[in-house]
Amino acid sequence: VVKVKNICCVGAGYVGGPTAAVIAFHNPNIRVTVVDKDVGRIRKWNSQHPPIHEPGLNEVVRVARDGTNATKVFVEGDFTVEMPARKQNLFFSTDVAKCVSEADIVFLSVNTPTKMTGIGAGAATNMVALEGATRDIAIAAKPGAIIVEKSTVPCRTAQIVRDTLEVHRPGVPFEILSNPEFLAEGTAIKDLLNPDRILIGSSRTKAGLAAAASLEEVYSAWVDRSRIVTVNLWSSELSKLVANAMLAQRISSINTVSAICEKTGADVDEIAKAIGRDARLGSKFLKAGLGFGGSCFKKDILSLVYLAQTLNLEEVADYWMQVITINEFQRNRFVKRVVANLHGTLIGRKISILGYAFKKDTSDTRESPAVEVVKSLLADNPSEIAIFDPRCNPEDVKDEIKRLFATTGLKLLKPDGPIEVYKDSYEACHDSSAVLILTEWDQFRYPPLKEKDSIFHKDAPSTVAPTKPTLGRTPSELDILHMMTSSRHTKPSSPSPNNSTPSSSTPQTDGTELAPPL
Ligand code: NAD
């Protein structure tokens, strides 16, 4: 078992940065360096503003990266961690070769997106970044270093890593481990500080088990050993794909139920409550909504589908593919409903979008449902699509929109096109015909209304007949939120039951009582 003194993490993204920061935070005697070839990203990690937003991330990074002279009490959600005075032990660098060469353990934490061209396009995993990083590691790593797959990879990738190492450093001993990351964006630090489990896959040889024990030692600084699960390499790699596929499957399942509810009078939230009490089912991931987004669920299901296809398991591939089909069905249903509620046309209308990130508490917009909704709405020629997100930098959103539509040659941003990105939610909603809440940010649940008069356009629908209209529930659901003001205020929890006008079924809120500021 190696006494680990130096760890290098290749890839300073959503996984590499926070994971390395928490490892450093809890192991003050281990020097942890995160390397990336993206100079801009490393510069941001070395600044006061990390390149990603995660609750608690700044505090953890500052303690480990800058050191402290005094004991710090760190609180993240339910967790309180006390950190005595310490030297800095977390570093960010672009010098991949040097940092890798000094490490006892090297984490591979690079992106593994879906392959977009060639054989397996649209399903297989694009291994370019992983192969490139593996090559760099193979050339630079010191003999005996432990190479850890942190990225989500297809089953049997460790063999590719092993082969690459053998090509560049024949005969040099390296052990390869699989240690997939189960953090969820938005709660990354909380998840890393208190993981449900740490999964370590190794070969079952003496050297493989010793390498797994070395990594276990690093995690045991803050994770109870009963939560550290050791399995074989292939089980570990496949477990990550299966975990994401199962989570996404639950979302698609409850979304199919929401479609039935809307036609029958059953209430999907009540069903979730009823079935969630069954200990075999559990209550999590039963919130009907717009469907899943993010950089992982879809690509990981596609990877599983591709694996099944290559193993000639067509029925298995079809089964998992259906999870993605339902996700798209749900999003399309939402857009159709928006257009139908606006009398079948968006021409001459401003549509506001609150929330652009793929989920709350992150600024990540990769595979965000909002992006797909914008694409669909554009086809109906609204006069304006006004976007606001509390965490996404408007300039970044604009750049992303330019990039997304670059191949079409269309100029979609104002003044040439209909899309405008706002810094202020009220401006985004001003004179709008419909406001679509597409990310469940807390501030959209209880929005304060600044003004007495309606900020919406006079043709905003008086009813939108959502399945269960209340401003207080999680948004990003099949709602067009119709915020009312002045004389028609009622609290979200008590919509007036007997009013016969359509607007009575629509929630209204007196934000002054309920809402934290936007
Ligand atoms: P990311 O795109 O945010 O970060 C990857 C980083 O790797 C980039 O900064 C890129 O510049 C860098 N990189 C690529 N090739 C490199 C090389 N040769 N040398 C140095 N740096 C290199 O990706 P991410 O979201 O952090 O995901 C990383 C992996 O973790 C993926 O396999 C993903 O599936 C998995 N994962 C992601 C999440 C999540 O919530 N984002 C959760 C669990 C697992």
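**Figure 1. The buried residues of helix H11 (residues 297-310) in the predicted model.** The buried residues of H11 are Phe297, Lys298, Lys299, Asp300, Ile301, Leu302, Ser303, Leu304, Val305, Tyr306 and Leu307. A residue is buried if 20 or more other C-beta atoms lie within 10 Å of its own, exposed if 12 or fewer, and partly exposed in between, with C-beta atoms placed from the backbone. Because 11 of its 14 residues are buried, H11 is largely enclosed by the rest of the structure. The cover over these buried residues includes helix H9 (233-264) and helix H12 (314-341). At 1.5 Å a residue, the 14 residues of H11 should span 20 Å, and its end C-alpha atoms are 20 Å apart, which agrees. The expected span is 1.5 Å times one less than the number of residues in the helix. Just after H11, Asn312 takes a positive phi of about 60°. Helices (H or I, at least four residues) and strands (E, at least two) are DSSP runs, numbered from the N terminus. Residues are numbered from 1 along each chain as its sequence is written. The model is predicted: local features need pLDDT of at least 70, side-chain atom pairs count only at pLDDT 80 or more, and totals for chains, interfaces and linings use all residues.

**Figure 2. The shell around the ligand.** Of the 28 residues around the ligand, Gly11, Gly13, Tyr14, Ser151 and Thr152 come nearest. A residue is near a molecule or strand if its C-beta atom, placed from the backbone, lies within 6 Å of it. Helix H5 (residues 128-140) gives the largest share of the shell, 4 residues. By residue class, the shell divides into 11 nonpolar, 10 polar and 7 charged. Here Ala, Val, Leu, Ile, Met, Phe, Trp, Tyr, Cys and Pro count as nonpolar, Asp, Glu, Lys and Arg as charged, and the others, Gly among them, as polar.

**Figure 3. Asp36 and Glu185, two positions of a UniProt "binding site" annotation.** The annotation, from an unreviewed entry, covers Asp36, Arg41, Thr112, Thr152, Glu185, Lys299 and Arg366. These positions are spread over 331 residues of sequence and also in space, up to 23.4 Å between C-alpha atoms. UniProt positions are given in the numbering used here, feature names are shortened, and annotations may be inferred rather than shown by experiment. Asp36 sits in the loop between strand S2 (31-35) and helix H2 (39-45), and is buried, with 24 other C-beta atoms within 10 Å. Leaving aside neighbours within four places in sequence, Asp36 is in contact with Gly11, Ala12, Arg41, Ile42 and Thr94. Two residues are in contact if their C-beta atoms, placed from the backbone, lie within 7 Å. Glu185 lies in the loop between strand S8 (175-178) and helix H7 (188-193). Glu185 is buried, with 24 other C-beta atoms within 10 Å. Not counting residues up to four places away in sequence, Glu185 touches Tyr14, Gly294, Lys359, Thr362 and Asp364.

Figure 4. Phe285 is partly exposed, with 17 other C-beta atoms within 10 Å. Leaving aside neighbours within four places in sequence, Phe285 is in contact with Leu247, Arg250 and Ile251.

Figure 5. The peptide bond from Lys414 to Pro415 is cis, with omega near 10°. Pro415 is found in the loop between helix H14 (394-404) and strand S13 (419-421). His343, not a glycine, has a positive phi of about 60°. His343 belongs to the loop between H12 and strand S11 (350-354), and is exposed, with 10 other C-beta atoms within 10 Å. Asp361, also a residue other than glycine, has a positive phi near 65°. Asp361 is placed in the loop between S11 and helix H13 (369-378), and counts as buried, with 20 C-beta neighbours inside 10 Å.
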